[in-house]
Every structure is written in C-alpha cells, then in structure tokens.
Amino acid sequence: MDTIGGTLTVKVENNTRDGLGIYREPVEDADQSLSDARFTYARVGHLILLKILPYREKDWRYLVYDARNQRVVRIDQV
C-alpha cells in the first residue's frame with residue numbers, strides 16, 4: 001500500500017505489469033506519504049480488513065482485500 005502521487009494504492013507483490021497495483025483512488029493531499037496516513041488492519045481467513053485515514057482527511061476509509069481473487073472493495077461507500 002502507498003499514497004504516492006496523490007493516490008492511495010493497494011499493491012500485491014508482482015501482481016500487475018504496470019506497477020500501479022490492484023486498487024487505486026485519489027487522496028486529498030497529493031504530497032503525503034504512507035507514513036503520514038493512519039491505518040490498521042486485521043486478517044480474517046483469506047480476507048484482510050483495512051482501515052485507513054489519509055493525511056489531513058476527516059473520514060476513515062474501509063477496504064477489504066480478498067487474497068483468493070486479489071481484489072479490493074471499498075465498503076464505506078454505497
């Protein structure tokens with residue numbers, strides 16, 4: 001996971017040819033790094049639950065990574 005270039009990116013080692021990861025979405029502060037963000041995670045079976053608060057943002061983001069199919073879904077938006 002990183003937040004380089006104004007984008008929150010979830011990566012899995014050697015998963016894409018372009019290096020852009022399996023999931024991307026913009027963050028408000030383009031100059032932040034991952035160390036500026038707050039995050040926690042929990043492994044539940046083949047799922048990894050991610051709770052992320054990008055730098056200078058008010059709302060947490062909730063993502064679920066499914067290791068079986070290497071997909072990420074954001075679950076805090078309808």
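In the predicted model, R56 is placed in the loop that joins β4 and β5, and its backbone has a positive phi of about 65° although R56 is not a glycine. With a relative accessibility of 63%, R56 lies above the 50% limit and therefore counts as exposed. The loop between β4 (47–53) and β5 (61–66) also holds E57, whose relative accessibility is 11%; since buried residues are those under 20%, E57 therefore counts as buried. Apart from residues up to four places away in sequence, E57 touches V27 and E28.

Q70 belongs to the loop between β5 and β6, and its relative accessibility of 35% falls between the limits of 20% and 50%, so Q70 counts as partly exposed.

Beyond the loop that holds Q70, the segment after β6 (71–74) contains I75. At 54% relative accessibility, I75 is over the 50% limit and therefore counts as exposed. When residues up to four places away in sequence are left aside, the contacts of I75 are with Y62 and V64. I75 and V64 are eleven residues apart in sequence, and the distance from C-alpha to C-alpha is 7.2 Å. I75 also takes part in a nonpolar patch on the surface, which is formed together with Y62 and V73 and has about 270 Å² of accessible area in total.

The aromatic side chains were considered next. A pair of aromatic rings is described by the distance of the centres and the angle of the planes. A search of the whole structure, however, finds zero aromatic pairs. An aromatic ring does take part in an arrangement with a charge, in that the charged end of K51 sits over the ring of W60, at 4.6 Å from the centre of that ring.

Key
Residues numbered from 1 in each chain as written. Predicted model: local features only at pLDDT ≥ 70, side-chain atom pairs only at ≥ 80, totals over all residues. Heavy atoms only, no water. Helix = DSSP H or I, 4+ residues; strand = E, 2+ residues; numbered from the N terminus. Buried < 20%, exposed > 50% of the residue type's maximum accessible area, 1.4 Å probe, protein only. Contact = heavy atoms within 4.5 Å. Phe/Tyr/Trp six-rings, centres within 6.5 Å; stacked < 30°, edge-to-face > 60°. Lys NZ or Arg CZ within 6 Å of the ring centre and 35° of its normal. Patch = residues over 30% accessible without salt bridge, like charges linked within 9 Å, V, L, I, M, F, W, Y side chains within 5 Å. Areas by Shrake-Rupley, 256 points an atom, 1.4 Å probe, with all protein chains shown as cover. Salt bridge = Lys/Arg side-chain N within 4 Å of Asp/Glu carboxyl O.
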